[in-house]
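Here is a friendly briefing to read alongside the sequence and the 3D view. Please keep both open as you go.

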Amino acid sequence: MSNEKNAPAAVPAGAVFVISAPSGAGKTTLCRRLVSGLDGIDFSVSFTTRPARSGESDGVDYHFVTPEEFERRSRAGEFVERAVVDGHHYATSSRSVLEATSGGRDILLDIDTQGAESVRRAIPGSVLIFVLPPGREALRRRLGERGTEREPDVERRLGLAAAEIVKAPLYDYVIVNDDLEAAYDELRAIVIAERCRRTRRAPRVREAVREFEAGS
């Protein structure tokens with residue numbers, strides 16, 4: 001007699017969430033809170049050629065590599081996307097994305113708009129989320145309060161922010177981070193809602209259909 005009714009459900013493929021924002025908008029804080037506060041989602045640690053900043057750790061914040069090592073990995077096809085931001089190279093490991101999603105876990109990519117567009121092309125079902133600062137002056141204040149930027153650097157960051165923000169209409173969701181708690185609640189709600197999509201629940205739906213048809 002078939003034991004199909006008792007067979008384990010197929011593990012659904014995990015979702016790929018991409019979050020972008022100008023520097024100072026708070027996306028790093030939001031990403032860390034999401035990964036620590038919600039089960040079933042991993043953080044993709046990007047590769048970069050830029051030097052580590054104060055307080056950053058290799059393998060935690062980024063994989064810091066030399067330009068030569070970065071190019072070697074890129075030629076070997078190890079990246080699902082790569083981009084140049086402020087003169088430095090950044091990329092996402094294809095392996096980290098595949099390992100998470102094939103095991104049914106979601107993965108969160110903290111990348112810029114260039115990388116987000118590449119991921120959308122490579123992974124059509126990816127979910128793109130953009131974090132907006134409340135305004136230009138609020139972003140200027142946040143950048144200044146970090147204490148790591150001189151005034152010319154702050155102005156340069158604001159210029160880069162403008163180039164990022166014009167891409168916000170290409171994203172699926174937009175969060176305005178004028179209140180961290182509210183922004184986090186919105187980010188968490190987006191992930192939970194995407195997990196409930198019919199297409200992502202298809203294995204569970206098929207299992208339920210088989211179970212109820214067999215019992216009728």
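This is a predicted model: local features need pLDDT of at least 70, side-chain atom pairs count only at pLDDT 80 or more; totals for chains, interfaces and linings use all residues.

Residues are numbered from 1 along each chain as its sequence is written, and side-chain values use heavy atoms, with hydrogens and water left out.

**The chain as a whole**

- The chain has 8 helices and 9 strands; helices (H or I, at least four residues) and strands (E, at least two) are DSSP runs numbered from the N terminus.
- Its C-alpha trace spans about 75 × 40 × 30 Å along the principal axes.
- Of the 216 residues, 37% are buried, where buried means under 20% relative accessible area, exposed over 50%, and partly exposed in between (1.4 Å probe, protein chains only).
- The accessible surface comes to about 12100 Å², and carbon and sulfur atoms hold 52% of that; the areas come from the Shrake-Rupley method with a 1.4 Å probe.
- Among contacts (heavy atoms within 4.5 Å) with a separation of 6 or more, 66% are between residues 24 or more positions apart.
- The chain carries 32 positive and 34 negative charges, and their mean positions are 2 Å apart. Lys and Arg count as positive and Asp and Glu as negative, with His and the chain ends not counted; each charge is placed at NZ of Lys, CZ of Arg, CG of Asp or CD of Glu.

**The four-stranded sheet**

- An open sheet of 4 strands runs in the order E4-E3-E6-E5, with mixed pairing; two strands pair if DSSP finds at least two bridges between them.
- At the edges are E4 (63–64) and E5, each pairing on one side only.
- Helix H2 (residues 67–75) packs on this sheet and touches E3, E5 and E6. The direction of H2 makes about 145° with that of E5, using axes fitted to C-alpha atoms (for helices, over the stretch in contact) and angles from 0 to 180 degrees between N-to-C directions.
- E3 (residues 47–48) and E4 run parallel and are joined by 2 bridges; Phe47 has His63 in E4 as its bridge partner.
- E5 (residues 79–85) and E6 (residues 88–93) run antiparallel and are joined by 6 bridges, with Ala83 opposite Tyr90 in E6.

**Asp86, in the hairpin turn**

- E5 and E6 form a hairpin with 2 residues between them, and Asp86 sits in the turn.
- Phi of Asp86 is near 55°, a positive value in a residue other than glycine.
- Asp86 counts as partly exposed because its relative accessible area is 33%.

- Ser46 lies in the loop between strand E2 (41–44) and E3.
- Its relative accessibility is 5%, so Ser46 counts as buried.
- Leaving out residues up to four places away in sequence, Ser46 touches Tyr62, His63, Ala91, Thr92, Asp110 and Ile111.

- Leu170 is found in the loop between helix H6 (151–165) and strand E9 (173–176).
- With 48% relative accessibility, Leu170 counts as partly exposed.
- Leu170 touches Glu117, Arg120 and Leu128, again leaving out residues up to four places away in sequence.
- Leu170 and Ile41 are 129 residues apart along the chain, and their C-alpha atoms are separated by 24 Å.
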